[in-house]
Amino acid sequence: MAEIALINLLLLLGVGLLLAGILSSLLAMRMGAPLLLMFLGIGMLAGENGLLGIRFSDYRTTYLVGTLSLSLILFDGGMRTRLSTFRLALAPALLLSTAGVVITALVTGLAAWWWLGLPLLGALLVGSVLGSTDAAAVMLLLRGGGVQVDQRVGALLEVESGLNDPMAVMLTILLVGLLTVGGSEVEPSAAELALFLLHQAVIGVAAGLAGGAIAVLGLSRLQLTEGLRPALAVTFGLTIATASAVLDGSGLLAAYVAGLVIGNRRPPGIAAVLDFSEAATWIAQIGMFTLIGLLVTPARLVGDLKAGLLVFAALTLLARPAAVVLCLAPFRFSLREHVFAAWVGLRGSVAVLLAAIPAVAAVPQGERYFHLVFIAVVASLLLQGWTLRRLAHALGLLLPARHGVARTVLDLP
């Protein structure tokens with residue numbers, strides 16, 4: 001009986017935190033605060049140093065839940081991206097999501113090594129973890145936060161955030177491997193690294209295209225009740241992502257590509273699928289960021305606060321602008337668009353989840369690296385997320401709000 005009571009209490013705490021996250025969105029909208037920051041705050045308030053005193057330090061569970069949540073978020077983002085938008089920004093986004101991640105990781109890592117005296121490989125690991133922008137944060141602010149910007153810039157930022165995770169994952173895994181080997185393994189060559197990245201990308205894209213086509217066929221041919229059709233589509237997305245990961249491909253990239261195929265092929269019931277996916281995405285974001293907040297003990301962050309803010313400064317003021325200027329130079333973006341793209345390099349759940357890998361792999365100082373990344377992520381959401389709309393308005397990139405009649409889509413046989 002005691003075990004059943006404990007399970008019931010844990011369930012009550014779980015749904016209570018979810019409810020608190022949903023209700024906190026009302027406060028965030030009134031204050032203009034980034035919603036993801038509010039969800040993090042709910043988790044930290046419930047954590048070890050918070051009101052409920054919940055002790056949670058399971059990096060593996062956090063990484064698992066976070067990976068599934070990100071797959072769902074990217075799948076939903078792909079379904080809402082039109083191919084015309086994708087083509088509009090594919091070339092610059094592809095360069096920014098590959099070379100841009102490397103530039104960001106190098107500049108941030110070298111700055112952390114120079115300013116903080118971290119071991120060189122450890123500093124580069126921190127830079128690599130922070131190398132990619134966060135799809136959840138970018139898409140939420142650009143789509144759900146009412147920040148409507150010029151189509152080309154918006155497309156660039158959304159497509160980049162959907163494509164840049166494989167490079168950050170590759171760099172992180174490489175550096176974790178170098179920091180944990182006992183010297184018996186041979187360091188990979190540049191050709192081997194390029195082959196690894198190509199393998200991740202090819203398998204991810206292939207799995208996304210094939211899985212998306214199968215999902216469209218299933219949604220078109222299978223005679224399901226209206227309630228099961230959206231659930232089947234979302235399950236297809238998660239299956240495609242995990243299958244790609246099992247084949248050593250990029251699961252996140254596969255989820256995004258599969259969503260792109262389904263959203264543009266428009267199978268029967270797509271309106272209901274999008275509504276269901278949006279609800280599932282919100283729950284995934286709330287659950288993921290609340291769990292990340294639970295994982296962090298604020299008292300342990302105090303000692304690394306200054307160092308984490310210095311990492312954030314290097315990332316925001318040096319690394320991201322350098323990556324944007326170098327990667328977008330061939331594509332005739334204006335100075336205003338360069339400034340905005342540099343400032344929208346938001347970091348979020350992807351960085352925190354990648355930072356959990358060194359802790360799981362028992363990398364020396366792995367917990368400190370996690371703290372540095374978490375502080376940088378919070379600073380990014382707080383400063384960049386809170387000022388995004390004002391900056392877009394100041395640069396003249398903010399489009400007027402569109403007020404139209406509500407539209408209902410009817411799927412007729």
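This is a predicted model: local features need pLDDT of at least 70, side-chain atom pairs count only at pLDDT 80 or more; totals for chains, interfaces and linings use all residues.
1. Start with helix 3 (residues 59-79) and helix 12 (residues 270-295). Their axes come within 9 Å and cross at roughly 150 degrees, so helix 3 runs roughly antiparallel to helix 12. The crossing of these two helices is left-handed.

2. Who makes that contact? On helix 3, the residues include Tyr59, Val65, Gly66, Leu70, Ile73 and Met79. Helix 12 brings, among them, Val273, Leu274, Ala280, Ala284, Met288 and Leu295. By type, the residues of the contact split into 14 nonpolar, seven polar and two charged.

3. Next, the largest nonpolar core, which has 89 residues. Leu130, Leu156, Phe340, Val373 and Leu381 are the ones touching the most other members. Helix 17 (residues 366-394) supplies the largest share of this core, with twelve residues.

4. Take Leu130 as an example. Leaving out residues up to four places away in sequence, Leu130 touches Thr104, Val311, Leu315, Arg347, Ala351, Val373, Ala376 and Val377.

5. There's also a second, separate core, made of 18 residues. Phe75, Ala233, Ala254 and Val273 are among them, and Val273 also turned up in the helix 12 side of the contact with helix 3.

6. Finally, have a look at two backbone spots. Asp248, in the loop between helix 10 (228-246) and helix 11 (251-265), has a positive phi near 65 degrees, though it is a residue other than glycine. Arg266 sits in the loop between helix 11 and helix 12. Its phi is positive too, at about 55 degrees, and Arg266 is not a glycine. With 41% relative accessibility, Arg266 counts as partly exposed.

Conventions. Residues are numbered from 1 along each chain as its sequence is written. Side-chain values use heavy atoms; hydrogens and water are left out. Axes are lines fitted to C-alpha atoms, for helices over the stretch in contact, and angles run from 0 to 180 degrees between N-to-C directions. Helices (H or I, at least four residues) and strands (E, at least two) are DSSP runs, numbered from the N terminus. Angles under 35 degrees count as roughly parallel, over 145 as roughly antiparallel, 65 to 115 as roughly perpendicular and the rest as oblique. A crossing is left-handed if the near helix is turned anticlockwise from the far one by less than a right angle, and right-handed if clockwise. Contact means heavy atoms within 4.5 Å. Ala, Val, Leu, Ile, Met, Phe, Trp, Tyr, Cys and Pro count as nonpolar, Asp, Glu, Lys and Arg as charged, and the others, Gly among them, as polar. A nonpolar core is a set of buried Ala, Val, Leu, Ile, Met, Phe, Trp, Tyr and Cys residues joined through side-chain atoms within 4.5 Å. Buried means under 20% relative accessible area, exposed over 50%, partly exposed in between (1.4 Å probe, protein chains only).
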